[in-house]
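The following briefing is meant to be read alongside the sequence and the coordinates.

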Amino acid sequence: MGCGLRKSEVQQKKCDRAIRAALLIQRWYRQYVARLEIRRRCTWNIFQSIEYAGQQDQIKLYNFFGFLMDHFTPASSESKTVTLITHSFIQWERYFCYKSIDVPDSYTGPHLTFPMTFCGVSKLVEAFKHKQQLHARYVLQILGETWRLLRILPNISHLSSCHTKEITICGDLHGQLEDLLLIFYKNGLPSPEKPYVFNGDFVDRGKNSLEILLILFGFLLLYPNDVHLNRGNHEDHIVNLRYGFTKEVLGKYRVHGKKILKLLQKIFSWLPLATVIDHKVLIVHGGISDTTDLNVIARVDRHKVRKTFHFQFIVRNGDAGVPVDFRRRVRSLTHHSSTPSQGPPRRSLHNLHISHQQMNWSVDNELKKRRRLAGFDQSYGERKKPDSDSDPDSEGRLIPSVQMVDLLWSDPMPQNGCIPNEVRGGGCYWGPDVTEEVLGRHNLQLLIRSHECKQDGYEFCHNRRVLTIFSASNYYEVGSNRGAYIRMGADLVPHFVQYQASRTCRELTLRQSVGWTERSALQALRRQLFVHKSDLISAFREFDPNNTGIISPSHWASATESVLKLGLPWRVLRPQLVSSTKNGMVDYQDCKTMKNISDTSLLETMYKNHSNLETIFRIIDTDHSGLISYEEFRQTWKLLSSHLKTEISDDVIANLAQSIDFNKDGSIDINEFMEAFRLVDLSEGILQEIPQ
């Protein structure tokens with residue numbers, strides 16, 4: 001009896017030890033996963049902060065880009081022809097005609113027939129899957145047919161669900177063809193039994209934006225009632241200059257790339273703005289604002305608002321106490337009038353031998369005229385209500401373009417209210433109260449939007465009445481995020497499918513995946529420290545009056561945030577970025593990313609402004625030849641001098657061009673341009689250095 005009791009006690013002790021061990025392992029594992037999650041979130045914040053900082057950089061250049069695009073008449077004969085073409089659809093179709101382009105016998109890609117067939121689109125998908133390129137004739141033919149179709153579509157598409165089929169909703173793809181092909185593999189190709197909604201941002205960043213467009217346009221032509229495309233904020237030709245799509249098209253189609261881009265610009269302006277399912281679910285790319293009115297959106301001439309990213313100021317409801325600088329909003333002032341007399345004419349620069357004073361007067365007056373037409377006072381940033389003497393179209397021009405910007409650029413926030421989106425520089429942040437009011441006013445129950453990368457590919461907010469869907473997996477780096485799409489049936493309940501398009505990522509463990517993305521994020525952050533090195537050193541020295549090279553961790557974190565403005569936990573990140581002394585102070589002169597680099601390094605400045613310079617080069621290179629002619633250079637500098645109110649003569653411009661043309665071949669290539677110039681922040685409105 002006693003022996004049995006002892007055995008039972010021993011077994012009980014073993015069982016207790018096993019339970020305690022299991023609890024210890026469980027607690028350790030939970031702590032391990034929690035630490036990995038903290039690292040993952042920190043990595044995510046780094047990527048997102050740097051992305052938005054890049055968008056702010058784009059904002060600084062966008063006004064001047066728009067100024068160039070609106071006032072600069074290209075020098076090439078072909079561009080002159082485009083400028084002189086009226087808005088007659090017949091004349092545009094003649095310009096974009098593909099029939100004069102022959103397909104050589106050596107071409108091994110798919111041959112397409114029109115009207116588009118399922119066999120043709122399937123061959124297109126297979127060709128792109130195997131990295132084949134479609135001939136320019138077929139590209140222009142697809143784009144031309146798409147343009148004709150889009151012109152008859154409404155601003156807001158309406159779908160009806162049923163019990164026999166689900167509607168698939170996809171978010172941003174950003175040129176990542178692997179994601180689109182994976183969606184089709186998992187979910188099936190578009191068809192009358194499997195309708196799709198693609199919610200904008202098809203292009204930029206990725207390498208296969210044009211292939212994605214051609215596939216989507218092919219299915220749109222095949223199933224116009226079952227494939228629906230919403231416009232995103234990246235369906236904008238000036239944004240494309242910065243984020244890669246323009247470069248991609250010109251690289252793939254060197255002969256016909258200009259026509260393709262021009263036609264795509266028109267197609268983007270005709271893309272619908274929203275989709276509504278069963279009068280209950282609203283799908284837009286960015287979001288809404290406190291002024292969103294779908295009845296106004298439905299009536300706007302969307303193709304006349306050519307650019308969706310021009311900056312002016314507006315006072316929102318309840319913003320009376322907000323500084324004017326914080327009321328920055330985006331709107332288009334490029335609405336085309338039906339008659340020439342109602343809008344400012346496009347200005348040619350071929351007669352720029354007029355005096356500098358006349359140039360300044362004409363440009364200033366044109367800008368003032370545009371502000372008056374848009375309902376803006378000349379001295380203040382607040383929007384004026386049109387009075388009885390105003391142009392009857394003034395309100396119609398202003399309100400729809402602002403609402404279009406809100407649809408394309410806005411982001412939700414957890415707090416109530418509606419404030420300008422200073423992070424992106426366009427659209428607004430809107431809160432749960434705005435969601436309730438706008439959805440309630442239109443008798444809607446759910447808003448589906450995209451526009452923001454989410455770690456799991458989707459995210460609910462605002463009491464599950466706003467849903468973000470993002471379909472580009474590994475957006476920042478391999479393993480950084482999943483992609484997702486939505487399946488929605490007649491019950492209008494969203495069901496999510498998540499995926500990773502990269503096989504490498506699928507083979508990594510959680511720890512390996514976090515480590516991979518963390519290293520990439522820290523590398524990107526070190527690049528930011530490098531390109532802002534001079535400003536950072538100056539900020540550190542504010543806390544080091546004796547020039548010891550040593551400051552406290554809190555001072556280091558404060559100075560770094562004051563320069564980079566990324567909103568990151570710098571004290572947590574500090575050990576990865578700088579060296580510490582034995583007593584815990586920061587040796588800011590021994591930063592791992594700054595060692596042995598001169599404060600005045602040309603490399604620093606060129607690296608900082610590389611993408612800006614490349615974008616400016618493509619703006620000046622109006623014929624997209626890859627070279628800037630002296631005439632293109634002269635015309636742009638004339639406009640620049642007017643914009644900056646700085647007089648510059650033709651002789652000075654000629655000497656400047658010759659000094660940049662290092663090989664003296666009569667034109668400036670991208671390498672010569674990048675080597676010659678250094679730009680400072682355009683908020684100062686001047687050029688820091690001009691080659692001697």
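In this predicted model, the residues of helix H6 that are buried are Leu177, Asp179, Leu180, Leu181, Leu182, Ile183, Phe184 and Asn187. With eight of its 11 residues buried, H6 is mostly covered, and the elements that cover those buried residues include helix H4 (118-129), S2, S3, H7, S15 and S16.

**Helix H6 and its surroundings**

- Helix H6, which spans residues 177-187, packs on a sheet where it touches S2, S3, strand S15 (483-488) and S16, and its direction makes about 120° with that of S16.
- Just after H6 comes glycine 188, which takes a positive phi of about 100°.
- Phe184, which is among the buried residues of H6, belongs to one aromatic cluster together with Tyr196, Phe198 and Phe219.

**The five-stranded sheet**

- The sheet is open and has five strands in the order S4-S3-S2-S15-S16, with mixed pairing.
- Strand S4 (227-229) and strand S16 (494-499) stand at the edges and have a single partner strand each, so one side of each is left without a neighbour in the sheet.
- From one strand to the next, the twist averages 20°.
- Strand S2 (residues 167-170) and strand S3 (residues 196-198) run parallel and are joined by three bridges, and within this pairing isoleucine 169 has valine 197 in S3 as its bridge partner.
- Helix H7 also packs on the sheet, touching S3 and S4, and its direction makes about 130° with that of S4.

**Packing of helix H7 with helix H9**

- Helix H7 (residues 209-222) packs with helix H9 (residues 245-252) at an angle of about 85°, and their axes lie 9 Å apart.
- That angle makes H7 roughly perpendicular to H9, because values of 65 to 115 degrees count as roughly perpendicular.
- On the H7 side the contact involves Ser209, Leu210, Glu211 and Leu213, which meet Phe245, Glu248, Val249 and Lys252 in H9.
- The residues of this contact of H7 with H9 divide into four nonpolar, one polar and three charged.

- Strand S6 (residues 281-283) runs parallel to S12 and is joined to S12 by three bridges, with isoleucine 283 having isoleucine 448 in S12 as its bridge partner.
- Strand S14 (residues 466-469) likewise runs parallel to S12 and is joined to S12 by three bridges, and here isoleucine 448 stands opposite leucine 467 in S14.

**Aromatic pairs**

- The count of aromatic pairs comes to 15, and one of the pairs is formed by tryptophan 28 and tyrosine 32, whose rings are stacked with 5.3 Å centre to centre and 10° between the planes.
- Tryptophan 28 and tyrosine 32 are separated by about one helical turn, because they are four residues apart in helix H1 (residues 2-71).
- An α-helix has 3.6 residues a turn, so residues three or four places apart point the same way.
- Tryptophan 28 has 47% relative accessibility and therefore counts as partly exposed.

Methods: Residues numbered from 1 in each chain as written. Predicted model: local features only at pLDDT ≥ 70, side-chain atom pairs only at ≥ 80, totals over all residues. Heavy atoms only, no water. Axes fitted to C-alpha atoms, helices over the stretch in contact; angles between N-to-C directions. Helix = DSSP H or I, 4+ residues; strand = E, 2+ residues; numbered from the N terminus. Parallel < 35°, antiparallel > 145°, perpendicular 65-115°, else oblique. Contact = heavy atoms within 4.5 Å. Nonpolar A, V, L, I, M, F, W, Y, C, P; charged D, E, K, R; others polar. Pairing = 2+ DSSP bridges. Phe/Tyr/Trp six-rings, centres within 6.5 Å; stacked < 30°, edge-to-face > 60°. Buried < 20%, exposed > 50% of the residue type's maximum accessible area, 1.4 Å probe, protein only.
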